[in-house]
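Reader: I am new to this structure, and I would like each label set against the rule behind it. Please begin with the rule for naming elements.

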Amino acid sequence: MASDEILIGLERFLTEFFHPSTNNHRKHEIEEQLTRFGNQTGAWKHCLHVLTHTRNEYVLMYCLSVLENLVNKMWVGCDPNCKAAIRTNLNQILLHHHKELPMFISHKLVKVIVDIGRVDWPMFYPTFFTSLLHLASAGTQDHGDTRALGLAALRIASEELAAPREDISAYRKEELKKLLLLQVPDILSVVTGSLKEEWSNSFKNFLHPSMSTPPPSPGSSHTNLFDIFSTPSEEMLSSSSSTSIEISQNSSSIMIQALECLCHLFSWIPLSTNISNDLLSTIFQYASLGTHSNLTTPGSTSLSTLGCHAMTCINELLTKNCIPSNFEDYLLRIFRQTFHILQQLTKTDNPRDTLERLDENYLGKFIEFLRLFVSSHFSRIESNSSFPLVHFFTLLFKFTFNQPSHEHYLNCLDIWEIFVDYVVTKVEQSKDHLQTKALLDRYKDGLIVYATAIIQHVQFRCNREHLEELDNSMSDDNGHTEWQNYLIENLEILAKICNLFPKEMMSVLYPILEETSTVYVETEWGMVSPSSGEQDIMRLHCSLKDLATVLQAFGRVSDLFLTEFFHERFDNALAVIEKFLNIALYGSRMNFYELSSRLPSTLCADVTEVHAEVLAALQPYTHWLSQLYSEAQHAGHSQAQLSQLLNAYVDAIVPVFSKQLPDKVALSAAHTLFSVATTIRATFLSQSTVIEKLFSDVTNGSCNKLQTRTQHLIFKALSNLLLFPWPNTPESEQKWEAREKGHSEFIKSLLVDFLSLTDNVARLQTDKDMKERAKPVIHRALLIVIDLVEAISEEVVKTRQLCYNSVKESITLSMELFPIYIDHPDTTEVVMSLFLSVFGALRRQMGVDLIARTIQSFISKFSHDQLEQTILHENVAGVRVVEKLLKILRMVIDDPGNAFKSFTPSIIVFAVQQIHPIVSQRPSPDVKGALFDLLHHLLLRRHRYFFPSPVLASMLTDGTMSGKGGTIAHKPQFLAIMSAYGNSFLQPDIAVFKQNLEALEDLNTKQKIYVKLHHILTQEGVLFQFVNVLIQALVLKSHDLLQDDVCTVVYNMSSVDFNFFHSHFIQQFLHNSHGVTQDQKNTLYQAFNQDTDLPSFISNLRRFVNDLRYYRLCNSSLPEGTVNF
């Protein structure tokens, strides 16, 4: 077929393919036809013809893709004459037609040429790089200006040759890197020359006339390299009255391509031998362009875009943590130049206006530079005595608090947090008190000023317009609004500064608390209405918002008053708590919510927020009250002060539950009540009349109108009051009997509806309507029990025994309901959640017999058919049921005693024979994670079941086998588990793959499993079957994200017997490898050095895998009928 006919056909096909009306079936037909055409011998000739005779972009891209596929997959098998023809033609097309081609097509064409160079340069393509440099250096009369195209070609060459893909041999990769390094000076010379020439051509009329003195080079007699805030001597744009610069499109492209090329070069070239003063000066000239927001460039690339590209180059240099010592002088130059830009941005009377006019991307790049400087290089610069620390942070301070957007402000906040963390680390590492004091004194004034500015920044009285831009209505997945997240970010860094300078920060924070709380409690709320006056309402609104903020701040820094600081800061903590209690009691007494119809809606939300925040702020201070209680008990002091504070706590909290208050307030109160009951554990608290009334109200169901989450917190708090042991109290005075009786009655009152089902179990099996009606009752009751049980899971045995006695009836009833609701996944899931919690907390209290019956019931009810139905039908709740069952079985396995060891065989059978066959062939990760977690714990906790001690092994008669590394029992079960692990490495799921890699490594660390696999199961070859599967995964790139982990595991497995690995395994692996010749196998084997250290072994393994893939690719590209010897 003539090439012209092919051209017409390709244009027709591809136009049809991309037409909106073409359906998927027709597209598939066209795709198959195009694939067949591209794979046929000689298609490249037609493609070369088409490239010079069409301007259809679809056709051009298709033809280049065909050629790219030929170069990357079939080049080795191509005839040398064909290769020469392709190289010559592609270069001619690029030279003669680059002006007519769209940029993305010309870059794709360059990519194909570079791909050829990756294989042929320099042996068969000696002019490859020379032609690229010539293309980037200058244009010709015939071909026009090719510099932009040439610079793009140099960037593409850097991308493709510095770190080539794995379709070439490891030796060739190393060779390419060396060859490319030799070209770096020439590349940098061309790039620098292009940038300087274009700067001169485009900006010569805008150069600052006084900036002509050459800069001092690093290492010269210039005495102060840190004079970073002096005016730089390089040529910069002047602040002339002109507002427009004409830059041609070609000049713009040259500058951008040159900067992009530099950026990629900086990512891999050695810095010390390639970076010059001249190059740095040129880059900073371009970086300064981003600051000239007053200048426009009609019809071409903006100055900000050029500035962004230049800043990207600078940031690429700074990302390198390991800076050679002879490059530090250049770092100083980089900082000097960039800080001059920082000075320019903040020197005006209104820096925010200056920053607001900057391009968003440029500002982001500049902030990234500051972050990299502080995080990676500040420590080495700061140690120099001439570094202007105060001046730098003054500029950073202005830069931070004049940011036009919240996003950029938070990014600047990250920079400060890195610096504060740096100071904290230095303080922690200081060796004595004097050194610590000197460190703190060095940073004290600056950090306190900064912290004060943060406090002002988040106050509505100081920054209302800016803060009201933040949304405070929509919540994210964590339940926080945009404003709340913003405030948390600020308070986190504030808390760190408070830890460094607590006294000074308290003197800043407490007056704000005093001032705003006074406004809150002294406002005549009965007189406030929408007609009160807009300014008065706004002032009140701002004060209330700031009160809520400062309450949250004090809650965050509560740890300042604990442990070793308890006595030193006792008065401060007491004043804060008393202030909180006054605010909280005022809020609980005031009928704000009855006044809500008369209050402006803004103030209604504000008083709600204040009430919720003050109740939440009281919660962390329960740890202070607990320490107060403990100190009083040990010293034998009166507990009157604690009693007074606790009574105020409950007076502020408990009335909230009986009023029609917003859910937010009730939830805060419930959290604090739970903390009071759990943390302080005062003996007299449960006898409080307010608490007794709360018990009564809960028993009568008056709290049922509250949110479920709030109810459960109240239930847990009251349950814990009765169950938790009183601190520093003798066992004889704990009053366990009375507390047990009270708790049992309390639980029965909560679960009365559920427990009434005991008499109706038989009816539930037949009455479908009753069965459905009972589900909400069952769900509510079991979720309550789950919460109560989990709350005492870490407590003493007596507490857990009392809890079990109270919920035992519910557990028994749940066991009876389980088979009735087994076809109802939602209910079964709740039942399984209950037993998961009970087994975790109350396993000992339940006893072996009950646990045995429970597990047997679960396993028998989950028959193979039931499991298949649950897992295979993608029932989400059903899948969670099986996962919870597996977690229960894991808890049984994890129990350290001997009581539950008898369950091991049945658990293995259930996991390996019933569940694994169902889930093993499914691509979904459902159940697999929980299953392999169980198997991991089986091998870890029941290790002696498989590998008994020599004494026990001599007594076993169940097929126990001995080997060099010990004895194995229950071999078929063990091999089945190993087979399950091996099968998981053949599956695509990367999460399970990673989990099982980590499990095997853990087993090896703790139980030396690799040694046992190799020496006890030598005949089965289990260990090196794993090695085989893992190396196959590397070759096939099936789990490439885990490449490092896989290599490490292969090393650890092979290290058991390196001699076997090198002399036998590798040969066997190659013998079974398809797609490589015997000669290539020999080469691969001989190239695998017998190093036994981890880095060398992994390097050899990577080379082996890479070259095996490469040989397969080469062989697959050979023409049909090629003879191999």
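Author: Helices are DSSP runs of H or I of at least four residues, and they are numbered from the N terminus. The model is predicted, so local features need pLDDT of at least 70 and side-chain atom pairs count only at pLDDT 80 or more, while totals for chains, interfaces and linings use all residues. Residues are numbered from 1 along each chain as its sequence is written, and side-chain values use heavy atoms, leaving out hydrogens and water.

Reader: Where is valine 927 found, then, and what is the value of its phi?

Author: Valine 927 is in the loop between helix H40 (904-919) and helix H41 (928-941). Its phi is near 75°, which is a positive value in a residue other than glycine.

Reader: What kind of peptide bond joins tryptophan 121 and proline 122?

Author: The bond between tryptophan 121 and proline 122 is a cis peptide bond, with omega at about 0°. Proline 122 belongs to the loop between H6 and helix H7 (128-137).

Reader: Why is H2 called oblique to H4?

Author: Axes are lines fitted to C-alpha atoms, for helices over the stretch in contact, and angles run from 0 to 180 degrees between N-to-C directions. Helix H2 (residues 24-39) and helix H4 (residues 57-73) pack at an angle of about 50°, and their axes are 10 Å apart. That angle makes H2 oblique to H4, because angles under 35 degrees count as roughly parallel, over 145 as roughly antiparallel, 65 to 115 as roughly perpendicular and the rest as oblique.

Reader: Which residues of H2 and H4 meet, and how do they divide by class?

Author: Contact means heavy atoms within 4.5 Å, and here Leu34, Phe37, Gly38 and Asn39 in H2 meet Tyr62, Val66 and Asn69 in H4. By class this contact has 4 nonpolar, 3 polar and no charged residues, where Ala, Val, Leu, Ile, Met, Phe, Trp, Tyr, Cys and Pro count as nonpolar, Asp, Glu, Lys and Arg as charged, and the others, Gly among them, as polar.

Reader: What makes H10 roughly parallel to H12?

Author: Helix H10 (residues 249-266) and helix H12 (residues 303-318) pack at an angle of about 10°, with their axes 8 Å apart, and that angle makes H10 roughly parallel to H12. From H10 the contact takes in Met255, Ile256, Leu259, Glu260, Leu262, Cys263 and Phe266, and from H12 Thr305, Leu306, His309, Ala310, Thr312, Cys313, Glu316 and Leu317. These residues divide into 10 nonpolar, 3 polar and 2 charged.

Reader: Why is H25 described as roughly parallel to H28?

Author: Helix H25 (residues 622-635) packs against H28 at an angle of about 30°, with the axes 9 Å apart, and H25 is therefore roughly parallel to H28. Thr622, His623, Leu625, Ser626 and Tyr629 of H25 make the contact with Ser675, Val676, Thr679 and Ile680 of H28. Sorted by class, the residues are 4 nonpolar, 5 polar and no charged.

Reader: What separates a cavity from a pocket?

Author: On a 1 Å grid over the protein atoms alone, a cavity is a set of points where a 1.4 Å probe fits but cannot get out, whereas a pocket is an open set with protein on both sides within 12 Å along at least five of seven lines; lining residues have an atom within 4 Å of a point. Points are joined across faces, edges and corners, and a volume is the space filled by probe spheres set on them. By this rule there are 8 cavities of 30 Å³ or more, and the largest cavity has a volume of about 120 Å³. Its lining has 14 residues, of which Val71, Asn72, Val76, Val119 and Asp167 are the closest to its centre.

Reader: Which helix gives the most to the lining of the largest cavity?

Author: H51 gives the most, with 4 residues, and H4, helix H6 (103-120) and helix H51 (1094-1117) each supply at least two. By class the lining of the largest cavity has 9 nonpolar, 2 polar and 3 charged residues.

Reader: How much space lies in the largest pocket, and which helices each supply at least two residues of its lining?

Author: The largest pocket holds about 880 Å³ of space. Among the 29 residues that line this pocket, His480, Gln484, Glu613, Ala616 and Ser668 are the closest to its centre. Helix H20 (482-500), helix H22 (534-556), helix H24 (601-618) and helix H28 (663-680) each supply at least two residues of the lining, which by class has 8 nonpolar, 14 polar and 7 charged residues.
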